[in-house]
Amino acid sequence: MLNILKIKKDKEFLRFLFRKYGTLVALVALICVFSLLEPRFFSLINFFNIVRQITVLFILGVASTYALINGEVDLSIGWVAGLAGILAVGAQAEGYSTFVAIIIALIIGLVFGLINGFTVAIFGIESFIATLGVGQIANGLIYLYTKGAPIIGLRESFIYLAAGKIFGVPFPLLIVLVIFLITDYHLRNTSTGRFLYAVGYNTEASLMSGLNVKRLKILSFTITGLFCGIGGVIIMARLGSGQPTAGPGNLLNAIAVSYLGASVLKEGEFHIFGTLVGAVFMGTIINGLTILNVQYYYQFLSTGILLLIAVGLAGKKKH
Amino acid sequence: MPLQNRSKIVLKVSNISKRFSGVQALLDVNFSLYKGEIHAIAGENGAGKSTLVKIFAGLIKKDSGTIMRNNIPVEINTNLDAAKLGISFVHQDFGLISQMKIVENFYLGIVFPNRNGKIQWDIAYSETSAWLNKFNLSNIDPRKAVSFFSPAQAQMFTIAKAFSRNAEILILDEPTASLTNEEKNVLFHAILSMKDRGISVVLITHKLEEIFEIADRVTIMRDGKVVNTSFVKDITVGDIIKFMTGRNIGAKYPPKQNLQLKDNIVLQIKHLTSKKVKNITFNVYAREIFGIIGLVGSGRTEFARVLCGVDPLESGEIKLFNRDIKFHSIHDAVENGICLVPEDRRIQGLIMDFSVCENTVLVILKKLCHGFPLHIDKRKTIEITKGFVDKFSIKMRNMDQKVKFLSGGNQQKIVLSKWLSTQVKVLVLDEVTKGIDVATKTEIYKILNKLAEQGIVIIMISSEVPEVLGVCNRIGIFYKGQLQRILEAENTNEEEILKFIFGGSNA
């Protein structure tokens with residue numbers, strides 16, 4: 001009898017360990033497998049490659065995480081990032097400085113975030129459909145502006161954002177670090193950050209406690225939009241030109257990264273450290289498949305499967 | 001009513017034990033149910049009542065022990081097993097789909113009358129109506145959505161539905177929790193008629209008076225064990241409380257403040273009107289606990305919502321300490337010191353996934369967030385929370401534990417702490433003791449008493465007459481959106497209050 005109880009307890013403990021550290025263990029296992037299959041995978045050069053790969057995944061993952069924390073989903077991420085990036089490249093082509101181009105991208109992101117926030121918080125439209133609509137508007141603007149053709153004429157300083165190094169450290173790694181430190185701190189240590197969580201967990205109790213729920217919802221969508229703007233700039237800088245099709249494909253990755261993150265350490269809770277792990281996870285898979293010469297199209301398969309596993313692990317209580 | 005067929009035991013469980021991740025929820029529980037008896041189960045929160053009946057209903061699996069149905073050993077592993085054995089469990093929240101029609105809910109889980117897959121609606125409607133008529137529920141129109149009906153009607157419908165599946169044993173978990181007195185009487189009448197047909201009822205309840213009103217036997221549980229099973233006629237309320245708590249808790253209601261009324265008006269409400277309440281006028285005096293009672297929909301909750309800025313005020317004034325106050329949102333009301341402890345602490349009162357700490361300081365979090373870089377003052381947060389935890393003896397593992405793992409009473413104490421951490425001047429409480437065990441109820445009454453003494457205006461909304469009589473100095477009775485009458489608790493009694501609740505004479 002006692003033995004049975006003990007085994008049962010051990011089983012529960014294992015399940016607890018798996019839930020908490022499963023994703024991290026899987027990531028380490030993944031790295032081992034890729035390294036064994038292809039020695040080139042485990043090298044400093046490839047490590048920097050992965051860093052470059054995860055920059056966009058992480059930034060847009062953060063964007064998506066802010067919306068999900070607040071109990072909403074933002075499906076406009078890819079299109080808004082695409083539009084912000086394209087307009088930044090366009091500004092460069094028109095002769096504006098890199099600084100101005102980046103500011104334009106950020107403003108576009110903020111404005112679209114605000115529009116998302118208003119449609120959801122003020123007009124009370126479900127974020128699922130509201131952001132899909134807003135995203136289509138951004139998509140339309142991309143094609144109106146580019147007429148479907150890529151825009152060229154990026155300056156060195158713009159491309160530096162994705163390819164440059166400071167003291168041997170890739171610039172994107174610095175961007176990831178800075179964003180990680182700021183957003184992680186914001187969500188954990190400030191009242192606004194905690195309020196965003198509170199609204200996501202229980203909107204009604206937040207309202208009853210006197211929180212300004214509408215303002216908080218608008219704020220979270222605006223922050224999401226801001227990171228879409230940043231992400232858009234990096235996407236175009238990596239490509240070296242303004243590609244109208246470059247943005248939209250990032251949506252699913254961003255959401256997958258957030259959900260993968262929600263399975264890290266905390267069960268079913270979205271948080272920035274998790275999002276970072278999620279981005280590394282995703283980036284490692286994409287990089288590993290590329291380096292193993294697996295056909296590009298298999299990436300879609302792996303993303304889809306990963307997303308389903310992540311949602312399963314993150315638990316059923318969210319969305 | 002004497003028990004018939006006393007010899008026939010329809011359900012008997014022996015030595016049932018159950019552990020949940022290290023916690024012994026049930027230990028060697030024995031329980032038996034006669035044919036045609038109403039058997040109440042009493043106990044504090046966490047005593048194991050719900051766990052036990054959920055084992056009967058196949059919602060939880062037992063670790064060990066035996067279950068006998070009509071003297072035949074059975075295994076109940078799923079709710080389908082239970083249904084086959086004629087055991088039907090009526091959830092606290094009824095398990096209905098409120099947007100769908102009564103008829104659709106009636107056939108939920110079984111097959112609609114159909115021809116080649118096409119539903120024959122006329123047959124479905126007439127079958128449903130016929131069944132409802134059998135239970136004197138002809139006022140429930142199967143063509144309307146469940147949300148159209150009152151909670152009591154929905155509950156009665158659920159019970160009727162349970163019987164359409166040939167239930168012989170009916171398990172009711174706190175069936176009167178959201179019912180008014182009148183609705184409760186209708187429900188009890190229905191339960192008694194079931195009993196006359198030889199159906200056995202297991203009734204979990206927090207309201208001890210209900211046991212005496214309707215049950216034949218009562219089983220009292222404490223800490224996962226059965227401490228006593230008696231015939232109701234052989235036991236007193238005091239005995240039950242003693243068995244439940246394992247001690248004598250003394251008086252249920254603490255002594256009231258002695259008031260020299262009318263010496264010091266603190267809160268004045270004049271002609272307060274909104275969509276749901278009309279022309280509410282009354283004063284609250286210093287150190288007073290003002291009770292509000294009324295039927296569901298009488299305007300008692302609606303009044304609280306207007307007073308606390310949840311719903312908009314159309315006209316009227318509110319004066320606090322002789323100062324006019326106006327507000328347009330909950331936030332404004334809180335800034336003015338008017339706070340609402342809402343009816344449903346799980347949905348409206350607390351962020352269940354937040355810790356004890358975070359819930360306690362939620363409202364003052366902004367003030368606790370300062371410095372560069374901007375950060376929440378963790379030390380202060382812990383200090384404030386610890387103060388309340390000690391003062392109210394809140395039981396938990398630690399202050400980082402999520403509140404969803406705490407018992408109802410402890411959760412409610414945290415809702416109180418949340419508001420007391422602010423500069424609260426008026427505390428409006430809506431059904432503050434709903435679903436809370438007897439001992440904790442008394443603790444909460446004591447807390448309210450102390451707060452009133454400290455000068456916080458307490459407005460307590462309740463649907464339980466003994467509670468407002470026991471705790472409040474004066475009682476305002478709402479009826480159809482209006483304040484019908486204000487009575488002094490000293491000079492009134494249950495009958496008088498009930499009379500006014502139902503619209504009473506000389507109104």
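Predicted model: local features only at pLDDT ≥ 70, side-chain atom pairs only at ≥ 80, totals over all residues.
How far apart are the end C-alpha atoms of helix α4 (residues 98-121) of chain A, and what span should its 24 residues have?

**First selection: residues 98-121 of chain A.** At 1.5 Å a residue, helix α4 should span 34 Å, and its end C-alpha atoms lie 34 Å apart, which agrees.

**Next, the buried residues of α4(A).** Show side chains for the buried positions, which include T98(A), A101(A), A105(A) and I108(A). Further along the helix, the buried set also includes G109(A), F112(A), G113(A), N116(A) and G117(A). T119(A), V120(A) and A121(A) are buried as well.

**Now the whole of chain A.** The C-alpha atoms fill a box of roughly 80 × 55 × 35 Å along the principal axes. For 319 residues, a compact globule would have a radius of gyration near 20 Å; chain A has 20 Å, so the two agree. Of contacts between residues at least 6 apart in sequence, 77% join residues at least 24 apart.

**Finally, the surface and the charges.** Of the 319 residues of chain A, 55% count as buried. With the surface displayed, the accessible area is about 14,500 Å², and carbon and sulfur atoms account for 71% of that area. Colouring by charge picks out 22 positive and 12 negative charges, whose mean positions are 5 Å apart.

Note on methods:
Residues numbered from 1 in each chain as written. Chains lettered and ligands numbered in written order. Heavy atoms only, no water. Rg over C-alpha atoms; globule rule 2.2 N^0.38 Å. Buried < 20%, exposed > 50% of the residue type's maximum accessible area, 1.4 Å probe, protein only. Contact = heavy atoms within 4.5 Å. Areas by Shrake-Rupley, 256 points an atom, 1.4 Å probe, with all protein chains shown as cover. Lys, Arg positive; Asp, Glu negative; His and termini not counted. Charge placed at Lys NZ, Arg CZ, Asp CG, Glu CD. Helix = DSSP H or I, 4+ residues; strand = E, 2+ residues; numbered from the N terminus. Expected span 1.5 Å × (residues − 1).
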